[in-house]
Amino acid sequence: MNAPGVALVIGAGGVKCAASIGLQRCLNHEKIPIDLVVGCSGGAIYAAAIALGHDPASAAGMTAKLWTRDVTAATDRGALARMVFPKLLGFTERFGLKKDALVNARLKEGFGDATFADCKIPLFITATDFKTGEQVTISEGRIADAVRASIAVPFAFAPWEVNGRLCVDGFLSDPLPVGVAIREGAHVIIAMGFESPNQERITSGGRFAFQLSTIMTNNLLKASFAFHGLAHHSEVIAVIPQFSQRIRLFDTEKIPLLIDEGEAAMREQLPYLRRLLMSVPATHSA
Amino acid sequence: MQITIAQHDHVTVAGVAGSIDALTADTLVTALLNELQAGRTRLVMHFAAVEYTSSAGLRVLLTTLKDARQRGGDLRLAEIRPNVKQVLELSGFTSILKCYADLPAAIASCPK
C-alpha cells in the first residue's frame, strides 16, 4: 500500500482556519494533489469541506454561513444556574454555557448526513477525550458529529459523544495534530497552524480565562510542533500565516482576506514543496 | 545552499546562505560535524542569508547542538531573519539555543 504523499493538517484557530481555503486554492492551481487531510477544532470544518470535495469557492461559502457570531449568542441559563447551584440543580459533565442547537443545525446544514466513507480524500478529525485527556482521532461515522466534537469549546459548548467517547475540543490535546499524519505514514506534511492572540485588555472573568487558555494553547502548540518536527522521518512544512489584521473568533466578514493571505503564505513555500516532491520516492508520490 | 567556514580566533563561524531543508540538510550536518570532529567545538552559525528552515533543518541544528555540547562546546546563532526566527520560536529552539542579533556579539559570547 502506498503511503500518502502530501498530507494537509489544519490546526485550531476559529475563523482564521479559513486561510486553509487559500492554501487549497494554491495547491489546486499548481495541480498538487492532497492525499490526506487532518483537521482540529475550527480546522476540522475546513478539513471536512476539502475532504468532501468542496472547491475553494464552495468551501468558503459553506463555512461562512456555518460559523457566525450568533452560534454562541444564546446563553444556556439553565447551565449557568447549574454551575452556581451544582448540588441543588444537578451539575453534569455535559456542561456548556451556550446553547448548541444552532451550531448543531448549521453543521447538519453544512455536512448533512455525510460520513467519512463519503470523503474523496481520507479525512481524520481530532477531538479530546473529556475523561482521560487523550487525543481522539475520528475517521468513521457522521462528519457533523466529528466536527461538533472537535469544536466543543470548553465552557461554551457541551462535550459531544462520538463512537462512545465523550469529547471536547481537539485543541486541548494538540492544537496542530501533525502526529496523526505521521502515524498514517504521510511523507510531506503541510501544517497550517495558528497561534492564539493574547487578550489586549483583561476586563472580565471571561477574558481572564481566555488569556489563560491562550497561554496554555500556544505553549502546547510549540511543544507538540517541536516534537513532531523532530520525530518525522521526512518533512513538515509549517505554514503559519501572519495576518495583516487582528482576527477575532467570529470575524467571518474577513474570510476573503484570510483566504488571500493563506494562499500567499502557501505560495511562499511552493518552490521548496515542488523541489521536495520531485525528490519523493516513487512509493510516496502523489 | 552555500556554506562558508571561517575561523575567528577560537570560534568557528559557519555562514549559510539559502534554504536549510530536507534537500540540503545532509550536506550541512556533514560540514558542521566535520568541524566538531576536528576539535572546533565553538560554533556560530551566521544565519543572515538563511531564507528558510524546515523541520529537516531543525534536525540539523539539534544534532549539531547536542554533538557540540557533548564535546564541551556550543552552537550559537547570529542574525536570524524574522521568518526563520518564527519557525525557531514555534518549535522551541530559541529556548535551548543562544541567539544573537549580530555576528560580533555571538562570537564574543563564546568562552575561550
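With 112 residues, a compact globule would have a radius of gyration near 13 Å, and chain B agrees at 12 Å. That radius is taken over C-alpha atoms, and the globule rule is 2.2 Å times the number of residues to the power 0.38. This is a predicted model, in which local features need pLDDT of at least 70 and side-chain atom pairs count only at pLDDT 80 or more, while totals for chains, interfaces and linings use all residues. Residues are numbered from 1 along each chain as its sequence is written, and chains are lettered from A and ligands numbered from 1 in the order in which they are written.

**The two chains**

For chain A, the rule for 286 residues gives a radius near 19 Å; the chain has 18 Å, which agrees. The table sets out both chains. Helices (H or I, at least four residues) and strands (E, at least two) are DSSP runs, numbered from the N terminus. Buried means that 20 or more other C-beta atoms lie within 10 Å of a residue's own; exposed means 12 or fewer, partly exposed is in between, and C-beta atoms are placed from the backbone. A contact needs two C-beta atoms, placed from the backbone, within 7 Å.

| Property | Chain A | Chain B |
|---|---|---|
| Elements | 10 helices, eight strands | four helices, five strands |
| C-alpha span along principal axes | roughly 65 × 40 × 35 Å | about 30 × 25 × 25 Å |
| Buried residues | 48% of 286 residues | 43% of 112 residues |

Along the sequence, chain B reads β-β-α-β-α-β-α-β-α.

**Where the chains meet**

Chain A brings 17 residues to the contact and chain B brings 16. On the side of chain A, α9 (205-231), β8 (235-239) and α10 (255-279) each give two or more residues. The largest share, six residues, comes from α9(A). By class, this side of chain A has 10 nonpolar, four polar and three charged residues. Here Ala, Val, Leu, Ile, Met, Phe, Trp, Tyr, Cys and Pro count as nonpolar, Asp, Glu, Lys and Arg as charged, and the others, Gly among them, as polar.

**Core and helix packing**

The largest nonpolar core holds 116 residues. Such a core is a set of buried Ala, Val, Leu, Ile, Met, Phe, Trp, Tyr and Cys residues joined through C-beta atoms within 7 Å. Val9(A), Ala47(A), Ala48(A), Val147(A), Ile189(A) and Ala191(A) touch the most other members. Helix α2(A) gives the most to this core, eight residues. Beyond its neighbours within four places in sequence, Ala191(A) contacts Val9(A), Leu176(A), Val178(A), Val236(A), Ile237(A), Ala238(A) and Val239(A).

Helix α2 (residues 42-51) of chain A packs on α3 (residues 56-66) of chain A at about 145°, with axes 10 Å apart. Axes are lines fitted to C-alpha atoms, for helices over the stretch in contact, and angles run from 0 to 180 degrees between N-to-C directions. From α2(A) come Ile45(A), Tyr46(A), Ala49(A) and Ile50(A); from α3(A) come Ala59(A), Met62(A), Thr63(A) and Leu66(A). Seven of these residues are nonpolar, one is polar and none is charged.

**Two positive phi values**

Most residues other than glycine have a negative phi. Lys31(A) has a positive phi near 55°. Lys31(A) sits in the loop between α1 (19-29) and β2 (36-40) of chain A. Lys31(A) counts as exposed because it has 7 C-beta neighbours inside 10 Å. Phe155(A) also has a positive phi, about 75°. Its loop lies between α7 (143-150) and β5 (160-162) of chain A. With 16 C-beta neighbours inside 10 Å, Phe155(A) counts as partly exposed.
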